[in-house]
Amino acid sequence: MSDPGIDEALRTMLPRLRRFALWLARDASAADDLVQSTIERALTRWHTRHDDQSLRAWLFSILYRLFLDGKRRAGRYARLLGSLAHEEASWPSAERVATAHSTLAAFAGLPVEQRSLLIWITVEGMSYQEVADILQVPIGTVMSRLSRARRTLRRLGEGEVRPPSLRLLK
């Protein structure tokens, strides 16, 4: 593939992909490997991409799926090594583990729209205007949705149970 438009589009996405990969992998070399694998997969499967599909969303999706696949593979490998090793493992404190699980559970408990907003704004460092353009809503809507997402995350992190949302039907 030697289309200069494709090359330029992918090149402009590299910093964002790397930032997201760093957030996921927590290691610069692993993040670079993830980005490289993402670009490689995007190029080899470019023909499967729909023209109306957002390039950014498609690339983030590829990167995220590659990360999850790698984690699964690493988990299987670690279990295999763990069954062979007889050493005592050093674990973080129970409090840190509980706090981490609570935070991750709270984040996972957010609706997809709120999780996306939090990742785009706080992790990706995108501006409110960029997110408003992606969602095709006014910037004020992004700000209020983000405020609700943060408030919900805070409540869920503190152990508050969210009542199920009810819809009124006419």
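Predicted model: local features only at pLDDT ≥ 70, side-chain atom pairs only at ≥ 80, totals over all residues.
Residues are numbered from 1 along each chain as its sequence is written, and side-chain values use heavy atoms, with hydrogens and water left out.

Back to the pair. The axes of α4 (residues 94–109) and α7 (residues 139–157) come within 8 Å and cross at roughly 135°. Axes here are lines fitted to C-alpha atoms, for helices over the stretch in contact, and angles run from 0 to 180 degrees between N-to-C directions. Helices are DSSP runs of H or I with at least four residues, numbered from the N terminus. The crossing of α4 and α7 is right-handed, that is, the near helix is turned clockwise from the far one by less than a right angle.

Which residues of α4 and α7 make the contact? On α4 they are S102, A106, F107 and G109, and on α7 they are L153, L156 and G157; contact means heavy atoms within 4.5 Å. By class there are 4 nonpolar, 3 polar and no charged residues. Nonpolar means Ala, Val, Leu, Ile, Met, Phe, Trp, Tyr, Cys and Pro, charged means Asp, Glu, Lys and Arg, and the others, Gly among them, are polar.

Helix α1 (residues 4–25) packs on helix α2 (residues 28–44) at an angle of about 140°, with the axes 8 Å apart. That makes α1 oblique to α2. This crossing of α1 and α2 is right-handed. Among the residues in the contact are L10, L14 and L17 of α1, and L34, V35 and I39 of α2. The contact of α1 with α2 divides into 14 nonpolar, 1 polar and 2 charged residues.

Y128, Q129, V131, A132 and L135 in α6 meet I139, V142, M143, R145, L146 and R150 in α7. That contact of α6 with α7 has 8 nonpolar, 1 polar and 2 charged residues.

Now the pockets. A pocket is an open set of points on a 1 Å grid over the protein atoms alone, where a 1.4 Å probe fits, with protein on both sides within 12 Å along at least five of seven lines; lining residues have an atom within 4 Å of a point. Volume is the space filled by probe spheres set on the points, which are joined across faces, edges and corners.

The largest pocket has a volume of about 1100 Å³. Of its 30 lining residues, F20, W23, Y64, F107 and I119 are the closest to the centre. Which helix gives the largest share of this lining? That is α3, with 9 residues. The lining of the largest pocket has 19 nonpolar, 5 polar and 6 charged residues.

The second largest pocket has a volume of about 210 Å³. Its lining residues include A25, D33, F67 and K71. Here too α3 gives the most, with 5 residues.

Key. Helix = DSSP H or I, 4+ residues; strand = E, 2+ residues; numbered from the N terminus. Parallel < 35°, antiparallel > 145°, perpendicular 65-115°, else oblique.
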